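Subject: Structure for your review

Dear colleague,

I would be grateful if you kept it open while reading the notes that come after it.

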Amino acid sequence: MARILVVDDESSIRLLYTEELTDDGHVVTAVATATEAVDKLREADFDLVLLDIKLKNESGLDLLQTIVKERHDIPVILSTAFSFYKDDFSAWLADGYVVKSSNLQELKDEIERVLAKKKRP
Amino acid sequence: MDQISADECVSLGEGEEELLSSRKRRVIEKCLDCPRFARDLQTLRGSDNPLAGILPFLMAELADQKAQLQFMGGFLDAKIREIAFLHELSVELQTSLNLDEVLSVAMTAITAGKGFGMNRAFLLMTDKERQYLRGYLGVGPLNAEEAWHIWEEVGQSNLSLKEMAKHFKTSKLSSEKVKFHDILEKLTVPLKLQDHIFNRSLRERRPILVENAFSNPDVDRSVAETLGVDSFLIMPLISGNRRIGLIIADNCITHRPITTQDMQSMETFAFPVSFALVRASLYERLQEELQKVTEANLKLKEQQETIVRMEKMALVGRITSSIAHSIRNPLMIIGGFTRSLLKDVPENDPKRPSLESIVATAKQLENVLDEVLSYSDSLYPARDMWDVNQLVAATCGELQEQLEKRGVTCTMNLAPGLPPVYVDYRQVSYCLRGVITTVADRLADNGELIIATSRDDASVALRVLDPTTSLTREEREALTTPFSATQELGIGLTMPLCKTILERASIPFDINSPPEGGTTYTLNLPITKEEEIHGQDSRS
């Protein structure tokens with residue numbers, strides 16, 4: 001079981017992630033904006049952040065930098081509709097990268113991989 | 001008498017009628033040689049006339065004046081011929097913009113009998129770095145035998161200066177350079193040797209007639225030995241403040257003395273030659289610069305076209321990305337929630353097939369979206385040198401799972417030691433993926449496709465072989481035609497896109513079905529960067 005913060009401006013995707021990840025036994029908190037995400041990170045502890053790159057009027061990559069600066073102990077997985085962000089240096093700060101798909105298995109596998117890596121000393 | 005009739009003077013012949021009305025000319029030109037006039041004078045001398053004693057003095061003076069007049073007439077004729085020659089020479093020099101042509105005219109004029117009639121001439125020119133006065137061209141015979149042969153040939157041909165110069169340029173210019181190569185090398189002197197007689201002539205801007213060269217303290221003995229003559233003329237070629245070079249002329253065969261008159265005539269000739277050489281040289285440089293400007297202009301035009309094309313591509317890319325983002329999220333939501341619902345729907349529930357259909361269709365649309373985005377990425381070619389075998393292995397690795405699901409095996413025959421190919425990795429990888437999936441779709445379960453690489457002449461051939469399917473010409477054409485009726489959703493654009501991408505990258509792509517069966521898809525990947533230029537051209 002892990003505490004996961006989902007950051008995505010699309011409410012249906014937040015709902016989908018929350019349902020699917022909760023079914024898998026995780027505790028999910030979902031927010032729509034970078035400001036909300038920063039607030040949540042200051043309020044509570046999380047084991048992982050699942051972050052959309054293109055937020056409404058905000059950049060997920062900027063939020064990624066903030067998280068790395070303030071909470072570098074929390075791994076971040078980028079979830080996006082664009083595959084080309086993989087080549088963006090800013091995206092390399094993330095621990096994982098997943099292209100959005102209706103089949104969430106790849107995302108779930110990536111979450112397991114990153115969490116397992118975090119647990120290792 | 002001022003006017004006489006023809007029968008009054010026996011010395012006058014046909015064509016001399018003018019003298020009938022000119023007493024002065026008649027007396028000077030005819031009377032002095034006339035026996036009747038001599039007899040009359042003899043009679044007068046024997047008379048008691050007091051002026052009879054001075055007649056012999058007057059006659060002697062008159063004879064002197066006549067001789068001088070004849071000499072001056074001859075001199076004038078020579079000068080007229082010289083002016084006519086210089087005029088012809090000047091016209092030839094003024095109308096020529098080609099350096100070799102100017103040199104041919106100048107050197108022919110110096111050595112031709114109807115020109116300055118020197119036996120031999122050498123041209124030395126200052127180099128571009130203004131460090132040396134270098135031997136550039138020699139004209140004339142090497143020995144007496146060759147001299148007589150040349151002069152006999154010239155005497156028979158009766159060519160004009162222009163014709164002789166043209167003949168020299170086309171048939172002798174190169175060979176004369178070779179013939180006198182050693183002498184020209186030895187005549188080369190550094191410009192910094194101020195005391196050398198060549199440099200002195202240039203510095204003082206005046207011709208020097210060298211005599212007794214072997215014992216002349218002003219002349220480097222090596223120069224005399226190289227030329228092998230005791231007397232030669234040095235003529236500087238100067239235009240404005242520019243020291244172009246100099247001409248050395250001698251009479252090595254006839255040993256005719258070089259006169260001050262020869263030197264003055266050559267000096268008159270040196271100025272237009274210098275001017276023509278400068279002009280031809282400038283014209284040559286102008287042509288070179290013009291060529292550079294033309295090439296730069298062409299390059300600029302190509303770059304402009306590339307920028308315009310890239311802007312169009314960037315626009316296409318932005319639109320595609322925007323659409324992709326807008327579509328991917330709803331697809332994910334539809335497919336994702338349906339999958340969630342399916343988890344709680346029993347296997348025998350009548351709603352299950354409908355939900356599964358939604359999942360499958362959403363997935364299919366996501367695949368189309370991936371394809372469009374891959375194509376969008378390929379619009380930004382970034383070529384580099386790549387190992388084609390690694391590219392093949394990586395692409396096949398990505399497709400391994402997909403091929404296994406379809407029961408297709410992939411055999412790789414990759415040639416070792418291939419040179420790197422100069423391609424856009426993503427483009428070629430996309431096209432190879434497209435070809436493999438197209439072939440895999442046609443293969444039945446347990447089918448096999450073969451991927452091979454090999455070295456061709458100027459490229460590396462990448463072949464995908466379908467050993468079982470033979471395609472007719474129409475089928476092969478339909479395969480690379482967009483929206484062909486035979487294609488299904490999701491793969492209908494793959495091969496046409498591959499073909500377009502490869503065409504834009506100037507990578508030859510061939511689909512061949514030999515009579516013995518099977519179909520081979522061949523990509524010829526360039527191994528040099530030169531291909532890039534052609535690629536850009538083909539896109540413009």
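Predicted model: local features only at pLDDT ≥ 70, side-chain atom pairs only at ≥ 80, totals over all residues.

Chain A

Chain A contains 4 helices and 7 strands. Along the sequence these elements follow the pattern β-α-β-α-β-β-β-α-β-β-α. Of its 121 residues, 38% are buried. Among the contacts in chain A with a separation of 6 or more, 57% are between residues 24 or more positions apart.

An open sheet of 5 strands is found in chain A, with the order β2-β1-β3-β6-β7 and parallel pairing. Its edges are β2 (27-31) and β7 (96-99) of chain A; each has a single partner strand, so one side of each is left without a neighbour in the sheet. On average, and with direction ignored, neighbouring strands of this sheet are turned by 20 degrees against each other.

Within the sheet, β1 (residues 3-7) and β3 (residues 48-52) of chain A pair in the parallel sense, with 4 bridges between them. One point of reference there is A:V6, whose bridge partner in β3(A) is A:L50. Helix α1 (residues 11-23) of chain A packs on the sheet and touches β1, β2 and β3 of chain A. The direction of α1(A) makes about 175 degrees with that of β2(A). Helix α4 (residues 105-119) of chain A also packs on the sheet, where it touches β3, β6 (76-80) and β7 of chain A. For α4(A), the angle with the direction of β7(A) is about 175 degrees.

Contact between the chains

How many residues of each chain take part in the contact between A and B? On the chain A side there are 16 residues, in contact with 19 residues of chain B. Helix α1(A) supplies the largest share of the chain A side, namely 5 residues. By type, the residues on that side divide into 6 nonpolar, 5 polar and 5 charged.

Chain B: overview

The secondary structure of chain B amounts to 17 helices and 13 strands. Chain B has 540 residues, of which 25% are buried. Of the contacts in chain B between residues at least 6 apart in sequence, 67% join residues at least 24 apart.

Chain B has an open sheet of 6 strands in the order β3-β2-β1-β6-β5-β4, with antiparallel pairing. The edge strands, β3 (189-190) and β4 (208-210) of chain B, each pair on one side only. Strand β2 (residues 132-139) of chain B pairs with β3(B) in the antiparallel sense over 2 bridges, and B:Y132 stands opposite B:P190 in β3(B). Helix α4(B) lies across β1 (120-126), β2 and β6 (242-250) of chain B, at about 145 degrees to β1(B).

The largest nonpolar core has 51 residues, and those touching the most other members are B:I110, B:A121, B:L246, B:I247 and B:A249. Helix α4 (residues 99-111) of chain B gives the most to this core, with 7 residues. Leaving aside neighbours within four places in sequence, B:I247 is in contact with B:I110, B:A121, B:F122, B:L123, B:M235 and B:L237. Another core, of 35 residues, lies apart from it; among its members are A:L41, A:L55, A:V114 and B:A362.

Strand β8 (residues 409-414) of chain B pairs in the parallel sense with β10 (residues 448-455) of chain B over 6 bridges. In this pairing the bridge partner of B:N413 in β10(B) is B:A452. Strand β10(B) is also joined by 6 bridges to β11 (residues 459-466) of chain B, and these two run antiparallel. Here B:I451 has B:V464 of β11(B) as its bridge partner.

Helix α14 (residues 425-442) of chain B has 18 residues and reaches 26 Å from its first C-alpha to its last, close to the 26 Å expected at 1.5 Å a residue. Buried residues in α14(B) include B:Q427, B:V428, B:Y430, B:C431, B:L432 and B:G434. Also buried in α14(B) are B:V435, B:I436, B:T437 and B:V439.

With kind regards

Notes:
Residues numbered from 1 in each chain as written. Chains lettered and ligands numbered in written order. Pairing = 2+ DSSP bridges. Axes fitted to C-alpha atoms, helices over the stretch in contact; angles between N-to-C directions. Contact = placed C-beta atoms within 7 Å. Expected span 1.5 Å × (residues − 1). Buried ≥ 20, exposed ≤ 12 C-beta atoms within 10 Å, placed from the backbone. Nonpolar A, V, L, I, M, F, W, Y, C, P; charged D, E, K, R; others polar. Core = buried A, V, L, I, M, F, W, Y, C linked by C-beta atoms within 7 Å.
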